[in-house]
Amino acid sequence: MVRKAHPVRHPANQTLLIDADDTLWENNIYFERAIASFISYLDHRVYNAEQVRERLNCVERATIASRGYGLTSFRQSLVTCFEQLTDRPITPDKHDRIVSFAQSIANQEIELLPHVSETLTELATRHRLILVTKGDHAEQTDKLRRSGLAPHFSAVEVLPEKHNAAYRSLSAHHGCEANTTWMIGNSPKSDINPAFAAGLNAIFIPHDFTWALEHENIDHPPAGRHLLELAHFADLTRHF
């Protein structure tokens, strides 16, 4: 069970590792809209929408394993899923239409989550902030640039995957002290559990539309480490 945070302020000079997608700005809602358009366009005669989505989830897992995260990977997953579920060849027109669903995500403006900018501004006066995200490096750094939030961070880490070894390596590289380092994010699978496995503290900020492939039960923190759950990003200033 996630332990609700008590309003106790931690001392200055903590290191806050902060996730990007669906923690600082909206992300998965755009993928969900693209997927809904894809399923509607496929209009499968046998499988319902839930079954098509489950097939797409399976395809995405395989594509990510071979090609990593990002829009290029997502585009390939849509095309592969369509090929697996249709009994007709994909014409150039159909291919372009499928690709357009992914392109709609790239065309989105960055939409910051509520109070993110002012919260980071305040936190940066007392703590070291490091952006820790995963995915395609060019895509993620471009989103950070367009968000206007880059000046708040002392460093930016775009990881191929967020796992125990990645957090340990990152912590060693930046000289993070485990007892004063917190990973903050919306994903149990990528933000919370691997941070615990690396011996760090963690702060879970749920998002209503967290990607299905990021769902996971939250582990108990290791001995001497802490887990907080906050309803909103702005709540960080009550604790840090």
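This is a predicted model: local features need pLDDT of at least 70, side-chain atom pairs count only at pLDDT 80 or more; totals for chains, interfaces and linings use all residues.
User: Why are H1 and H4 called roughly antiparallel to each other?

Analyst: The axes of H1 and H4 cross at roughly 160°. Angles over 145 degrees count as roughly antiparallel, and H1 and H4 are therefore roughly antiparallel to each other. Their axes come within 7 Å, and the crossing is right-handed.

User: Which residues of H1 and H4 meet?

Analyst: From H1 there are Tyr30, Phe31, Ala34, Ser37, Phe38 and Tyr41, which meet Lys94, Arg97, Ile98, Phe101, Ser104 and Ile105 in H4. By class, the residues of this contact divide into eight nonpolar, two polar and two charged. Tyr counts as nonpolar in this division.

User: What makes H2 oblique to H3?

Analyst: H2 and H3 pack at an angle of about 130°. Roughly perpendicular covers 65 to 115 degrees and roughly antiparallel needs an angle over 145. The angle of about 130° therefore makes H2 oblique to H3. The two axes are 9 Å apart, and the crossing of H2 and H3 is right-handed.

User: Which residues make the contact of H2 with H3?

Analyst: H2 contributes Val52, Arg55, Leu56, Val59, Glu60, Thr63, Ile64 and Arg67. H3 contributes Thr72, Ser73, Phe74, Gln76, Ser77, Leu78, Thr80, Cys81, Gln84 and Leu85. Eight residues of the contact of H2 with H3 are nonpolar, seven polar and three charged.

User: Why are H7 and H8 described as roughly perpendicular to each other?

Analyst: The axes of helix H7 (residues 164-174) and H8 cross at roughly 70°. The class runs from 65 to 115 degrees, so H7 and H8 are roughly perpendicular to each other. Their axes come within 8 Å, and H7 passes H8 in a right-handed crossing.

User: What is the contact of H7 with H8 made of?

Analyst: Asn164, Tyr167 and Arg168 of H7 make the contact with Ser190, Asp191, Pro194, Ala195 and Ala197 of H8. The classes are four nonpolar, two polar and two charged.

User: How do you know which residues line the largest pocket, and which of them lie nearest its centre?

Analyst: Lining residues have an atom within 4 Å of a pocket point. For the largest pocket there are 40 lining residues, and Asp21, Asn27, Phe31, Gln140 and Lys143 lie nearest its centre. The volume of this pocket is about 680 Å³.

User: Which elements supply the lining of the largest pocket?

Analyst: H1 (28-42), H2 (49-67), H3 (71-85), H4 (92-106), strand S2 (128-134), H6 (137-147) and H8 (188-197) each supply at least two residues. H6 gives the largest share, six residues.

User: How do the lining residues of the largest pocket divide by class?

Analyst: The lining has 12 nonpolar, 13 polar and 15 charged residues. Asp, Glu, Lys and Arg count as charged.

Conventions:
Residues are numbered from 1 along each chain as its sequence is written. Side-chain values use heavy atoms; hydrogens and water are left out. On a 1 Å grid over the protein atoms alone, a cavity is a set of points where a 1.4 Å probe fits but cannot get out, and a pocket is an open set with protein on both sides within 12 Å along at least five of seven lines; lining residues have an atom within 4 Å of a point. Grid points are joined across faces, edges and corners, and a volume is the space filled by probe spheres set on the points. Helices (H or I, at least four residues) and strands (E, at least two) are DSSP runs, numbered from the N terminus. Axes are lines fitted to C-alpha atoms, for helices over the stretch in contact, and angles run from 0 to 180 degrees between N-to-C directions. Angles under 35 degrees count as roughly parallel, over 145 as roughly antiparallel, 65 to 115 as roughly perpendicular and the rest as oblique. A crossing is left-handed if the near helix is turned anticlockwise from the far one by less than a right angle, and right-handed if clockwise. Contact means heavy atoms within 4.5 Å.
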